[in-house]
Amino acid sequence: MKLSQNFRIMNVIILALITTTICHHKIIFFLLETATKLNIFAVPRRNVLSTMLSTSTVILFGSKQITLAEITGATFREYIDTFDGYSFLYPKSWIQVRGAGADIFFRDPFVLDENMSVEISSPSSSKYVTVEDLGPPEKAAERVLQQYLTEFMSTRLGVRRTSNILSASSKVADDGKLYYEVEVNIKSFASNNELAVMPQDRVQRLEWDRRYLSVLGVENKRLYELRLQSPEQVFKEEEGDLRRVMDSFRVNKTV
Ligand SMILES: *[C@@H]1O[C@H](CO)[C@@H](O)[C@H](O)[C@H]1NC(C)=O
């Protein structure tokens with residue numbers, strides 16, 4: 001069972017205890033102690049934070065003030081751009097970064113290097129009809145990867161990149177439109193001693209290892225790309241949230 005599920009179950013137990021008016025601090029402390037022993041609280045940091053918040057609410061204010069909404073907490077917020085024509089859900093804790101180049105940019109305040117953006121082709125020069133204009137998903141994946149590699153092109157000596165297309169697929173969302181989903185991994189290796197005379201002194205080390213997830217859609221004759229990036233070492237932990245953002249991405253007709 002996932003830890004976050006445990007976390008939710010814990011909250012439901014606490015809520016049930018309160019609402020059935022057998023709320024007794026000793027019981028709550030016992031539950032919290034048990035939960036800690038069972039390592040239920042070994043969940044992502046933001047969940048720990050909200051656990052602490054809801055726990056302190058229980059202890060400080062007693063049963064009456066607690067609503068279900070407060071305890072379960074909506075984890076996602078919706079972002080809608082009616083002017084450019086797209087929308088998506090993003091984790092509530094993420095913060096918007098202005099002036100980051102993309103049309104919209106959010107990042108995770110806890111996980112360094114985890115962020116998302118939306119790129120849109122220029123309205124005047126693009127004449128997309130459907131995402132299939134990019135070819136099949138596999139072809140679109142190559143294009144996405146190439147775009148990333150070009151953006152990360154390094155002029156530093158001794159930098160080497162390896163890349164891998166992990167998946168390329170299409171889906172029809174609940175708006176009836178076709179979207180492509182692309183997933184790639186890029187690793188960057190750098191040598192800190194590229195000018196060394198002896199080849200054995202030019203050691204290349206892994207600099208970063210990241211997962212890039214893209215959702216592509218077409219509307220208003222424009223190509224929209226939702227981009228998510230996450231360090232591979234936290235990807236498994238973050239995957240659920242990232243997939244939820246991907247699933248929610250929609251392109252909408254502008255007026
Ligand atoms: C977004 O994340 C990437 C790494 O995944 C990082 O290189 C980049 O600087 C981040 N952008 C911002 C504006 O935080």
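Reply: Helices and strands are here DSSP runs, a helix having at least four residues and a strand at least two, and they are numbered from the N terminus. The model is predicted. On that basis, the protein chain has six helices and ten strands.

I begin with the sheet of three strands. Its order is S1-S2-S10, it is open, and its pairing is antiparallel. S1 and S10 are the edge strands, each pairing on one side only. Strand S1, residues 76-81, is joined to strand S2, residues 86-91, by six bridges, and the two run antiparallel. Within this pair, Glu78 has Leu89 of S2 as its bridge partner. S1 and S2 form a hairpin, with four residues between the two strands. Gly85 lies in the turn and has a positive phi of about 85°. S2 is also joined to strand S10, residues 250-251, by two bridges, again in the antiparallel sense. Here Tyr86 stands opposite Val251 in S10.

The other sheet to be described has seven strands. It too is open and antiparallel, with the order S3-S4-S5-S9-S8-S7-S6. Strand S3 (95-96) and strand S6 (159-172) each have a single partner strand, so one side of each is left without a neighbour in the sheet. Further in, strand S5, residues 115-120, pairs with strand S9, residues 222-231, in the antiparallel sense over six bridges. One of the positions in this pairing is Met116, whose bridge partner in S9 is Leu228.

Helix H6 concerns both sheets. The helix comprises residues 232-248 and lies across S1 and S2, running at about 165° to S2. H6 also lies across S5, strand S7 (178-191), strand S8 (204-219) and S9, and its direction is at about 150° to S9.

The ligand may be considered next. Surrounding the ligand are Val97, Ala100, Arg107, Asp113, Asn115, Arg210 and Gln229. By class, the shell holds two nonpolar, two polar and three charged residues. Asn115 of this shell falls within S5, which covers residues 115-120. Arg210 falls within S8, residues 204-219, and Gln229 within S9, residues 222-231.

Two values for the whole chain complete the account. Of the contacts with a separation of 6 or more, 55% are between residues 24 or more positions apart. Buried residues make up 23% of the 255 residues in the protein chain.

Key. Residues numbered from 1 in each chain as written. Predicted model: local features only at pLDDT ≥ 70, side-chain atom pairs only at ≥ 80, totals over all residues. Pairing = 2+ DSSP bridges. Near = placed C-beta within 6 Å. Nonpolar A, V, L, I, M, F, W, Y, C, P; charged D, E, K, R; others polar. Contact = placed C-beta atoms within 7 Å. Axes fitted to C-alpha atoms, helices over the stretch in contact; angles between N-to-C directions. Buried ≥ 20, exposed ≤ 12 C-beta atoms within 10 Å, placed from the backbone.
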